[in-house]
Amino acid sequence: MSGPIQAHFIAAGKYHDIDYARLELLKLMAEEPRIRATVAMDYANTERLAACDFLITYTCDVMPAPAEVAALRAFLDRGGRWLALHGTNSILRFLESGVVDAPNEAPEVMEMLGTQFVAHPPIGPFTVEVPDTGDPLTRGMSDFEVVDELYLSRTTAEIETLMLTRFTGEATGFTASQWQDAEVPILYRRTQGRGEIVYCTLGHCRGHYDVAVFTPFWPHPERCAWNYPIYHELLRRCLKWASGELE
């Protein structure tokens, strides 16, 4: 057996049950005893990142500072792997009108990630298409239905889409609210230097106390893709990829 696999996990942000996502992802990492993970709430520990084989982020409206952006780029340039989940590419600004904007305030980060969150419609069902079944991340998988928060994004750099969906309709409450015949990446790869990013937009979760700015108690916790075995299988494959065991 080879040696340990060093991982850094950033789990933080707004409007999501970060505690739930953090625990579920740590449980999946614990299935591989060689993974030795540290956990943080921001990008500040650049020294730890430099010592790691891979990075996982499950965040919402959490962006790195300029020095941390440089550390992320250096991590990728030397061959690190970044598994970015759900809201990692989100910047949210509530305007006086009450709608939510997604401003281009971190272009270097979004260029690294390959997409930037723009809006989402209300949580609901959609079909995830799997056009590339030859990739190790999607081999043997077929199209599936899921109920989740559909992240609509703009593409900021070249990506290799492995899963996608399509959307026409209204993203209520966002400045970019009207969408027509949009092809929406759900899972994709992107190279950066000698490293690589895999991004999966599935996996929204919200507990009773995660939107206190709107209501003190959210009556119905949301688990979305976390309720589906195929999502856990996809995360397992992503972790194998991040560990260098799935090429």
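Figure 1. The chain exposes about 10800 Å², of which carbon and sulfur atoms supply 53% (Shrake-Rupley method, 1.4 Å probe). This is a predicted model, in which local features need pLDDT of at least 70, side-chain atom pairs count only at pLDDT 80 or more, and totals for chains, interfaces and linings use all residues. Residues are numbered from 1 along each chain as its sequence is written, and side-chain values use heavy atoms, without hydrogens and water. There are 21 positive and 34 negative side chains, with the centres of the two sets 6 Å apart (Lys and Arg positive, Asp and Glu negative; His and the chain ends not counted; charges placed at NZ of Lys, CZ of Arg, CG of Asp or CD of Glu).

**Figure 2. Fold and interior.** The chain has 5 helices and 13 strands (DSSP runs, H or I of at least four residues and E of at least two, numbered from the N terminus). Of the 247 residues, 55% are buried (under 20% relative accessible area, 1.4 Å probe, protein chains only). Residues 24 or more positions apart account for 71% of the contacts with a separation of 6 or more (contact: heavy atoms within 4.5 Å).

**Figure 3. Helix α5 and its cover.** Just after α5, Gly-244 has a positive phi of about 80°.

Key
Buried means under 20% relative accessible area, exposed over 50%, partly exposed in between (1.4 Å probe, protein chains only).
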